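My notes follow in the order in which I took them.

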Amino acid sequence: MNVTETLSQGLKREFQVVLNATDLKSRLDGELQNLQGKAKINGFRPGKVPVGHLRRLYGRSVMADVVQNAVNEANQKIVADNELKLAFEPQIKFPEDKDEIEAAMEAKGDLAFTVALEVLPKIEVVDVSDVALEKPVAEVPEADVDAALERMASQNRAFESKKDGAKAAKGDRLLISFVGTLEGKPFDGGTGSEIPLELGAGQFIPGFEEQLEGVKKGEQRTVSVTFPENYTATHLAGKPAEFAVTVDDVQAPGELKIDDELAKGFGMESLDALKTAIREQIGREFGEQSRRKVKKALLDALDGKYSFELPPTLVEQEFSAVWSQVEADMKNANKTFADEDTTEDEARAEYRKIAERRVRLGLVLAEIGEQAKVQISDDEVTQALIQRARQFPGQEKEVWEFYRKNPQALAEIRAPIFEEKVVDHLLGQVKVSDKSVSREALFADDEDDAATEAKPKAAKAKKTKKAATEAADEASA
């Protein structure tokens, strides 16, 4: 096998590989001899099938395996000999001349093919001891605890039927049965029986609840609405509909009680214990947000310290993923670029910068983690996998098996663990000081922060290691 480098331009490499006919024939004969000891063909004793007969029967398919093995061997040799780290799997290009391919497949001619590679840049890890970061921290306001208690009490309070003839008002709960129609015809999902509806809670599509204010038990009313343009059921989005509603009952909310009995309903011994649990939960959410903020500041600092050529295909794939999400979001919101006071070209340029940042930071974190010998334990992966499975109630076993049987999917579970460990490593090297802020300041600018975090979906570094972050879930107190 003869391997010659034909292109070295930036992060792109190309190699010409030639496997001569003699080598091809030798490899083919070796595979056929291995097959001879296993083949079972009528008319021949096991292990006694002539190699020539096997060549006539299986020569073509065996040669295909020979060629594939040769390609794999060439790829491994190129990577090892040149100490390359690949951004993507090598792209193989065979000759377009069919006669040349046919000759090679019969081991009567040389096989020449091109291996095109895109490699990862060499990154020199820089010193970050001069980086000083402020970590915003906020105390849990008692008002947040009280508001959470009120929500819990409101969601769990009893409702009692009003007297016959009493009108429904905001805050009351209705039991309704209805049949929805589009252009006079019922549609799937448009029928319900004794469905609870709290007036003013915004449970149904806009305009539905308002038209039921003032109804009485037993009353029938036609409600006319238009489904939102971004409605999840696309066959209904933007369409006008009518609902024939029957009011089965009108119920008034009971007294809002915040006491030990409420706490016991949530498995707590007392109201004080429930308050403590709520305060701790909100505190954890505040802590997670503080972590996101200081991580964003760290990534900003890293982004300012590194500048190197990026693998173009990585950037293009990341940009495609980002742009697809942008287009989907704008479509769901029924907005145009003009509505955002920009143009498509300007938006593309801005989001390409974001894609470049994500790829660059992903590669930097991967290199830092590799040099720091960051390791992920099996237990950490298992715990993360358990958390992912819990997001799909009733399907936990299927989710578990899916990830266990798909190494690429499991790598996506490992990636954020790896990155968070690298971030911890870096935070131990920089100067971090706490800064007291309000709750509002702590949670400000979440959207911008999430948009610029390192999240290169396609980035590879050190085989399956990808430095990528999961988009931060919005915390709510």
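Entry 1. I began with E367, which counts as buried because its relative accessibility is 15%; buried means under 20% relative accessible area, exposed over 50%, and partly exposed in between, with a 1.4 Å probe and protein chains only. The model is a predicted one, in which local features need pLDDT of at least 70 and side-chain atom pairs count only at pLDDT 80 or more, while totals for chains, interfaces and linings use all residues. Residues are numbered from 1 along each chain as its sequence is written, and side-chain values use heavy atoms, with hydrogens and water left out.

Entry 2. I placed E367 in helix α8; helices (H or I, at least four residues) and strands (E, at least two) are DSSP runs numbered from the N terminus. Leaving aside neighbours within four places in sequence, I found E367 in contact with K85, I123 and V125, where contact means heavy atoms within 4.5 Å.

Entry 3. I then looked up the largest nonpolar core and found that it has 40 residues, with L298, L302, L363 and L426 making the most contacts inside it. Such a core is a set of buried Ala, Val, Leu, Ile, Met, Phe, Trp, Tyr and Cys residues joined through side-chain atoms within 4.5 Å. The elements that give it two or more residues are α6 (271-305), α7 (312-333), α8 (344-371), α9 (378-390), α10 (396-405) and α11 (407-427). The largest share, 9 residues, comes from α11.

Entry 4. I checked L426 with neighbours within four places in sequence left aside: L426 is in contact with V128, L298, L302, L365 and I368. Another core of 24 residues lies apart from the largest one, and L19, M63, A70 and I78 are among its members.

Entry 5. Which residues of α9 are buried? I listed V381, T382, L385, R388 and A389. They lie on the same side of α9, because they cover an arc of only 120 degrees around the axis, taken from the directions from the helix axis to the C-beta atoms. D379 and R390, on the other side of α9, are exposed. The cover over the buried residues of α9 includes α10 and α11.

Entry 6. I turned to the open sheet of 4 strands, whose order is β1-β2-β4-β3 with antiparallel pairing; two strands pair if DSSP finds at least two bridges between them. β1 (2-9) and β3 (91-93) stand at the edges with a single partner strand each, so one side of each has no neighbour in the sheet. β1 is joined to β2 (residues 12-19) by 7 bridges, and L7 has E14 in β2 as its bridge partner.
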